[in-house]
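User: Hi! Could you walk me through this model while I have it open?
Analyst: Happy to, just ask away.

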Amino acid sequence: MTLIEQALSTATDTREFLVGPGVITELDGLFKRNLPGAKALVVSDETTWRVAGERVRDNLCRAGVGCLEPLIFPAEPAPYADTDFLGRVREALETGGPDARAVAVGAGTINDLCKRASYELERPYICVATAASVDGYASFGAPITKDGFKKTWPCSAPRAILADSEILLTAPRSLTASGYADLAAKIPGGADWIIADALGEHPIRKDVWETTQVPLLGWLDNPAGLAAGDAKAMGDLFTGLAMTGFAMQTMHDSRPASGAEHLFSHCWEMIDVRCPDGTHPSHGDKVGIGSLCTTHMMESFFSRRFSRSDIDAAMAAYPSPEARKASIEALFAPGPMRDEIVATAMGKFISPEALRVRLERLADVWDTLAAKVKDRLLPFAELRRRFEEAGCPTRPEQIGVAPEDVLVCAKMAQTIRKRYTILDLAFETGRLDSISAELAHIW
Ligand SMILES: [Zn+2]
C-alpha cells in the first residue's frame with residue numbers, strides 16, 4: 001500500500017487522490033469512478049477557467065459525462081467565500097437537477113464554496129486544484145463569511161481530488177509560497193504534538209504520524225524548485241497539504257495540521273492585521289511567521305533544562321485563579337468574544353496539585369522530550385532560509401505586525417484554544433514571558 005492509499009483508507013470522505021504532471025487527462029475516469037451517473041457542474045472563475053476549467057469540461061464531455069453550463073465567476077473582483085457566492089453555487093447545483101455534482105476548479109475559495117454548497121444539498125463533489133496554496137482542500141470544514149463574520153462551517157471533504165502539478169506551477173508565486181508555509185507549519189505543529197503527547201495531554205496517533213510527520217521534510221525539501229518550475233517539488237508540496245487534510249478527516253481533529261503557530265495566526269486575524277500595502281496577509285503568510293515564532297520559542301525553552309529543583313520556584317510564580325482571570329481579561333477588549341476566551345483559558349488553567357504533577361512529569365521526561373522536539377524541528381535559521389527561497393514572509397512587519405508586538409500575540413495565542421502547545425508548557429513553567437520577549441529581537 002502506498003502512503004496515499006494508507007491515508008485514504010482511514011479518511012472519512014475522500015476516496016481518491018490523483019497528483020502529478022499531466023493527470024488532468026485522467027479526470028474523466030476519476031469522475032466516473034467516484035460520481036457514477038452524475039452530471040458535472042464545473043465551477044471556476046475566469047482565471048481558473050483559462051488555466052484548467054475549459055480542459056476539465058472538454059475532458060469530461062468527450063468521455064460522455066453529462067456537462068451542465070459551467071458557472072464561471074468574474075476574475076475581478078475575485079470570488080469571495082461568503083454567503084452570496086455560496087448561494088450562487090447552490091442555486092446552480094439545484095438548477096442542474098438532482099444529478100448535478102460540482103467540480104470545483106480553483107484554489108481555496110472556489111473549493112470552499114463548492115464544498116459547503118454540496119454539503120448543504122447532501123451531494124458529494126470533486127476538486128480540481130489550481131494552486132498548492134492551503135491544506136484546506138482535503139479538510140472537512142469551510143471558512144465562509146456570513147454577515148461580515150468569518151466562521152468555519154462543517155462540510156464533507158471532496159469525494160476525490162485531482163492536482164495536476166503542471167497546472168499548479170502556473171499559479172501565482174504568492175499562492176504557492178502560502179501553501180509552502182502552511183505545510184512547513186506542520187514541523188513546529190508536530191513538535192507541539194510531541195509535547196502534548198509527552199505530558200499526557202494528547203497521545204500521538206501512530207498511523208497519522210506515519211502518513212504526515214514522517215514524510216514531511218521530504219515534501220518540503222525543494223523550496224527553490226517551486227519558483228523554478230520543478231513539477232516534482234510542486235507535486236510533493238500538494239501531496240503534503242492533501243495528506244494533512246486526509247489526516248484531519250481520519251482524526252476529526254485539526255491536530256495533525258496545526259499547533260501554536262496557527263494560534264498566532266488566529267490572533268492576528270482577530271486583530272485584523274494588514275500588510276504594509278493594506279491587503280490582508282494570506283493564511284500561509286501568518287502561519288509562516290507563527291512557525292518562526294514557535295520554532296524560536298521551542299529552541300529557547302529546551303535550551304534551559306527544567307529539573308525537579310525548579311519545581312518550587314515555578315509553583316511559587318503560578319498565579320491564583322483570580323489573578324489569572326484578570327491577566328487574560330487585560331489582553332482583550334471587553335465583549336462576548338472575550339468572555340468566550342476567558343472561559344476557554346480558565347478551562348485549561350490547572351490546579352496547583354495538577355501543576356505539581358505536570359512539572360514532575362516534565363522534569364522526568366525532559367531529556368527524551370527535549371531530544372525529540374529538537375529532532376522534529378528545523379532550526380530557526382534553516383526554516384527562515386527556506387521561507388526566503390519559497391518567497392514567504394520572514395519578518396512580522398511584512399504581515400503588519402511590529403516585532404515588539406509579537407510578545408503580546410504569544411500571550412493571547414496561549415489563551416484562545418484548548419489545544420495544548422509549547423505556549424501552555426511555557427506558561428505552566430513560568431517561562432512564557434521570558435521566551436516571548438525574545439521574539440522582539442530575533443528577526
Ligand atoms: Zn493552516
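User: Which residues does Val128 touch, not counting those up to four places away in sequence?
Analyst: Val128 touches Leu27, Ala52, Val56, Val103, Ala104, Val105 and Leu162. Being in contact here means that the C-beta atoms, placed from the backbone, lie within 7 Å.

User: Before I go on, what kind of model is this, and how are residues numbered?
Analyst: It is a predicted model: local features need pLDDT of at least 70, side-chain atom pairs count only at pLDDT 80 or more, and totals for chains, interfaces and linings use all residues. Residues are numbered from 1 along each chain as its sequence is written.

User: Thanks! How many residues does the largest nonpolar core have?
Analyst: The largest nonpolar core has 129 residues, and Val43, Val103 and Val128 have the most contacts inside it. Such a core is a set of buried Ala, Val, Leu, Ile, Met, Phe, Trp, Tyr and Cys residues joined through C-beta atoms within 7 Å. "Buried" is for a residue with 20 or more other C-beta atoms within 10 Å of its own; 12 or fewer is exposed, and in between is partly exposed.

User: Which helix gives the most to this core?
Analyst: Helix α12 (residues 231–251) does, with 10 residues. Helices are DSSP runs (H or I, at least four residues), strands are too (E, at least two), and both are numbered from the N terminus.

User: And where does the core lie relative to the domains?
Analyst: Domain 1 (3–171) and domain 2 (176–202 + 256–440) both give residues to this core, so it lies between them. Those bounds come from an automatic or database domain assignment.

User: How many residues are in contact across the two domains?
Analyst: 6 residues of domain 1 are in contact with 8 of domain 2. The centres of the two domains, taken over C-alpha atoms, are 34 Å apart.

User: New topic: is Ala131 buried or exposed?
Analyst: Ala131 is buried, because 25 C-beta neighbours lie inside 10 Å. Ala131 sits in the loop between β5 (126–129) and β6 (141–146).

User: What is Ala131 in contact with, leaving aside neighbours within four places in sequence?
Analyst: Its contacts are Ala107, Leu168, Ala171, Leu175 and Thr176.
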